[in-house]
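Open the model in your viewer and keep the selection panel at hand. The tour goes stop by stop.

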Amino acid sequence: MIDLIDGLKKCGIPDSVAEPLAVKMEAYIKEIILFNSAYNLTNTSDRDELVVRHIFDSLAAWPKIMSLVECSRSDCAETTTVTLADIGSGGGLPGIPLAAAFACAGVDNIRFELVERMEKRCAFLENCAAILGLKNVTVINSEAERIDPEAYDLITFRAFRPLDKKMTKTLLCIVKAGGKLCAYKAKAASIKEEMDGITALVPEYEVFPLAVPGLEDSERNLVVITK
């Protein structure tokens, strides 16, 4: 069995946060396994695969997203809440692991909105947020296209869909000026090909390599786009 705490630390989660976060992630994994066949949440129900390919993969970007949150907060009044949306959240990845990490780290003034169009998956997400005690999470039953303009400071999405012109326009519309889109992606060559198709909308972007414990042979990257 893969050591969850050790892997979380390798993802850049501080030692003081890794243990309470591991408890929440084990509970989350149990919920995924329980409901996966009914809700088609992930492509596996194997505990170790879920840990590596979904929990570690989601949280490998936590240090970078934490730095973006801190930058966003520094641009606002100290009491201003930063709102991060996980678009096409599905089973809650990466939104629930990220929200749990921020909660366990005691980071206040950040709110997560898990945006998911399928009602039954929204019920699953609400149940998970309640079980894990994530008071920083709200579930939004909606398509991205129906979200109000400039609603979010940061947006994440993972295994959502390719960044075509239509979806890029939608995401840029619902993020605030100066806000960031954070896309979990695989190979750099595929990223370049994808981004070459939307250069008129996104002339510049940054790619940050992600080191995912257990996926050392698989290339993973975080693409960050600033509006």
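Start with Asn 40, in the loop between α2 and α3 (47-59). Helices (H or I, at least four residues) and strands (E, at least two) are DSSP runs, numbered from the N terminus. Asn 40 is not a glycine, yet its phi is positive, about 50°. Its relative accessible area is 53%, so Asn 40 is exposed. The classes are buried under 20% relative accessible area, exposed over 50% and partly exposed in between (1.4 Å probe, protein chains only).

Before moving on, two notes on the source. This is a predicted model: local features need pLDDT of at least 70 and side-chain atom pairs count only at pLDDT 80 or more, while totals for chains, interfaces and linings use all residues. Residues are numbered from 1 along each chain as its sequence is written, and side-chain values use heavy atoms, with hydrogens and water left out.

Now select Glu 150, in the loop between β3 (137-141) and β4 (152-158). Glu 150 also is not a glycine and has a positive phi of about 50°. Glu 150 is partly exposed, at 43% relative accessible area.

Next, show helix α2 (residues 15-39) with helix α5 (residues 95-104). Their axes come within 9 Å and cross at roughly 145°. Axes are lines fitted to C-alpha atoms, for helices over the stretch in contact; angles run from 0 to 180 degrees between N-to-C directions. Which residues of α2 and α5 meet? Select Val 17, Pro 20, Leu 21, Lys 24, Met 25 and Tyr 28 in α2, then Ile 96, Pro 97, Ala 100, Ala 101 and Cys 104 in α5. Contact means heavy atoms within 4.5 Å.

Stay on α2 and pick Phe 35 and Tyr 39. They are 4 residues apart in helix α2, so about one helical turn separates them. Phe 35 is partly exposed, with a relative accessible area of 25%.

Move to Trp 62, in helix α4 (residues 62-74). Is Trp 62 buried or exposed? It counts as buried, at 4% relative accessibility. Leaving out residues up to four places away in sequence, Trp 62 touches Gly 12, Ile 13, Pro 14, Leu 98, Ala 101, Phe 102 and Ala 105.

Finish at Pro 94, in the loop between β1 (82-87) and α5. The C-alpha atoms of Pro 94 and Trp 62 are separated by 9.7 Å. The peptide bond from Leu 93 to Pro 94 is cis, with omega near 10°.
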